[in-house]
Every structure is written in structure tokens, then in C-alpha cells.
Amino acid sequence: MSTKILLQTILKLRDQIKTGAANFMDVSAEYFKSTGDFMDDSQKAIALEEINKIAPSNVTDMPNVPPTRMGTL
């Protein structure tokens with residue numbers, strides 16, 4: 001039942017997630033308001049997966065800039 005409430009919460013915030021106005025913390029807070037419980041690890045994984053499907057990608061390639069590895073300049 002709690003997974004159903006979680007998915008309903010994500011659906012309720014879908015438009016805001018699409019525009020980037022809502023994120024995981026907003027979903028988590030809304031879920032807590034609805035149930036009075038925090039999400040467990042499996043629910044967090046479901047929420048992150050669903051949010052990643054909906055959320056806009058803010059990663060863009062920069063022309064003429066070579067890729068680097070983390071920690072190197």
C-alpha cells in the first residue's frame with residue numbers, strides 16, 4: 001500500500017518534476033505528509049528511478065572542450 005501512495009505522490013508532483021521545480025526531497029516530504037512515515041530503502045530506490053525518468057536532463061556537451069576525469073585538470 002505504501003508503494004502505491006509513493007507512486008501517487010510522484011504522479012501528483014509530475015509536472016513540477018518535469019520542469020525541475022520539484023525533486024526527491026519534495027517527493028519525500030509530500031510522502032511523509034501523506035503517510036506520517038519515512039520512505040524505506042526500497043521506496044527510495046523506486047522514487048529515484050521514477051524521478052529520473054521524468055526529470056529534465058541538465059547535462060549538456062560543451063563543444064571544443066575535451067572530456068576529463070574526476071579529480072584531474
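1. A salt bridge is a side-chain nitrogen of Lys or Arg within 4 Å of a carboxyl oxygen of Asp or Glu. By this criterion, Glu 49 and Lys 53 are joined through their side chains, with an N to O distance of 3.8 Å. The model under discussion is predicted, and it holds 3 salt bridges.

2. The pair formed by Glu 49 and Lys 53 belongs to helix α4, which comprises residues 41-54. The two residues stand 4 residues apart, about one turn of the helix. Glu 49 is partly exposed, at 47% relative accessibility, while Lys 53 is exposed, at 56%.

3. Lys 53 also takes part in a salt bridge with Glu 50, at 3.3 Å from N to O. Within helix α4, Glu 50 and Lys 53 are 3 residues apart, again about one helical turn. Glu 50 is partly exposed, with a relative accessibility of 23%. Through shared partners, the salt bridges join Glu 49, Glu 50 and Lys 53 into one network.

4. A further salt bridge links the side chains of Lys 12 and Glu 30, at 2.7 Å from N to O. Lys 12 lies in helix α1 (residues 2-12) and Glu 30 in helix α3 (residues 24-35), so this pair ties together parts that are 18 residues apart in sequence.

5. Are the two partners of this last pair buried or exposed? Lys 12 has a relative accessible area of 59% and is therefore exposed, the cut-off being over 50%. Glu 30 has a relative accessible area of 18% and is therefore buried, since buried means under 20%.

Methods
Residues are numbered from 1 along each chain as its sequence is written. This is a predicted model: local features need pLDDT of at least 70, side-chain atom pairs count only at pLDDT 80 or more; totals for chains, interfaces and linings use all residues. Side-chain values use heavy atoms; hydrogens and water are left out. Buried means under 20% relative accessible area, exposed over 50%, partly exposed in between (1.4 Å probe, protein chains only).
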